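Here are my notes on the model, as numbered points. Please keep the coordinates open while reading.

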Amino acid sequence: MTETHSSGVRGDSGPEVARLVASRVLDVPDFPKPGVMFKDLMPLFADGAAFREVIDGIVAYHGRESFDTVVGIEARGFVVAAAIAYATGVGVVPVRKAGKLPRPAYAASYALEYGEATLEVHQDAFTAGHRVLVVDDVLATGGTAAATLDLVERAGGTVTGFTVLLELAFLKGRERLAPRDVHALLTV
């Protein structure tokens, strides 16, 4: 359940974390195409103290013992996943755009809010029952997330959590992923 503070800032880890993320997001109009308002999280990644607080918050929310591996979705999800993996001493697995992985991979195609894409994960990325935390920067329509969750399960992993730094609620990605739980640090 997303918490809302009187200032209107809301997120699943409470208003303080939501305010922190909101304070480090820059809106970039007309990127990657006209009419799209891109939410740039690079200022959050560049602020060491803020980034540490966000990573610590994600780990505290899920618990250090709830996952064996962290999956990061290309490309900004790699940054978040690597930090969580380091903080918890587990491995990290990338879910990449098509054609970027060198060994046999499972693929999933999906529609984006502004195009189409295909993601891949190595077929041997997980052993059966491997507990996996999936992370990304933004949840929009849910296409990327749904494809990734499917890929993790096809490769033998068990999804134990899904976290994003920013959820664009008006695009209804959370609804698309139901009944799975979605943990968003900031929901706008």
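1. T144 first. Is T144 buried or exposed? Its relative accessible area is 18%. The cut-off for buried is under 20%, so T144 counts as buried. The residue sits in helix α5, which spans residues 143–154. Setting aside residues up to four places away in sequence, T144 touches I73, Y110, L112, L119 and D136. Bear in mind throughout that this is a predicted model.

2. Cis peptide at F31–P32. The bond joining F31 and P32 is cis, with omega about 5 degrees. P32 belongs to the loop between β3 (26–29) and β4 (37–40). Check this bond in your own viewer.

3. Cis peptide at E74–A75. Here the bond from E74 to A75 is cis, and omega is near -5 degrees. A75 is in the loop between β5 (69–73) and α4 (76–88). E74 returns below as a salt-bridge partner of R96.

4. Positive phi at D30. D30 is not a glycine, yet its phi is positive, about 60 degrees. The residue lies in the loop between β3 and β4. That loop also holds P32. How accessible is D30? D30 is partly exposed, at 48% relative accessible area.

5. Positive phi at K172. K172 is another residue other than glycine with a positive phi, near 65 degrees. Its place is the loop between β10 (157–167) and α6 (173–177). K172 is partly exposed, and its relative accessible area is 46%.

6. Salt bridges, the count. How many salt bridges does a search of the whole structure find? The search gives 10. Three of them are taken up in the next points, including R174 with D12, R96 with E74 and R103 with D124.

7. R174 and D12. The closest N and O atoms of this salt bridge are 2.9 Å apart. R174 lies in helix α6, and D12 in the loop between β2 (10–11) and α1 (15–23). The two are 162 residues apart in sequence, so the pair ties together separate parts of the chain. D12 is buried, with a relative accessible area of 8%. R174 is partly exposed, at 24%. The pair also belongs to a network of salt bridges that links D12, E167 and R174.

8. R96 and E74. In this salt bridge the closest N and O atoms are 2.6 Å apart. The pair links distant parts of the chain, with R96 in strand β6 (residues 91–97) and E74 in the loop between β5 and α4. They are 22 residues apart. R96 is partly exposed, at 22% relative accessibility.

9. R103 and D124. The closest N and O atoms of this salt bridge are 2.8 Å apart. R103 is in the loop between β6 and β7 (105–112), while D124 is in the loop between β8 (115–122) and β9 (130–139). This pair, too, links distant parts of the chain, 21 residues apart. R103 is partly exposed, with a relative accessible area of 42%.

10. Strand pairing around β6. β5 and β6 pair in the parallel sense, over 5 bridges. T69 has G91 of β6 as its bridge partner. The chain goes from β5 through α4 to β6, and this β-α-β crossover is right-handed. β6 also pairs with β8, where the two run antiparallel and 2 bridges join them. K97 has L119 of β8 as its bridge partner.

11. Nonpolar cores. Which residues have the most contacts inside the largest nonpolar core? They are V21, V54, I58, V70, V80, I84 and L165, in a core of 31 residues. The elements giving two or more residues to this core are α1, α2 (42–46), α3 (48–62), α4, β9, β10 and β11 (183–187). α3 gives the most, with 6 residues. Leaving aside neighbours within four places in sequence, V54 is in contact with L20, V21, L44, L165 and L185. Apart from this core lies another, of 24 residues, among them V132, L151, V164 and A184.

Conventions. Residues numbered from 1 in each chain as written. Predicted model: local features only at pLDDT ≥ 70, side-chain atom pairs only at ≥ 80, totals over all residues. Heavy atoms only, no water. Helix = DSSP H or I, 4+ residues; strand = E, 2+ residues; numbered from the N terminus. Buried < 20%, exposed > 50% of the residue type's maximum accessible area, 1.4 Å probe, protein only. Contact = heavy atoms within 4.5 Å. Salt bridge = Lys/Arg side-chain N within 4 Å of Asp/Glu carboxyl O. Pairing = 2+ DSSP bridges. Right-handed = clockwise from strand over helix to strand, strands pointing away. Core = buried A, V, L, I, M, F, W, Y, C linked by side-chain atoms within 4.5 Å.
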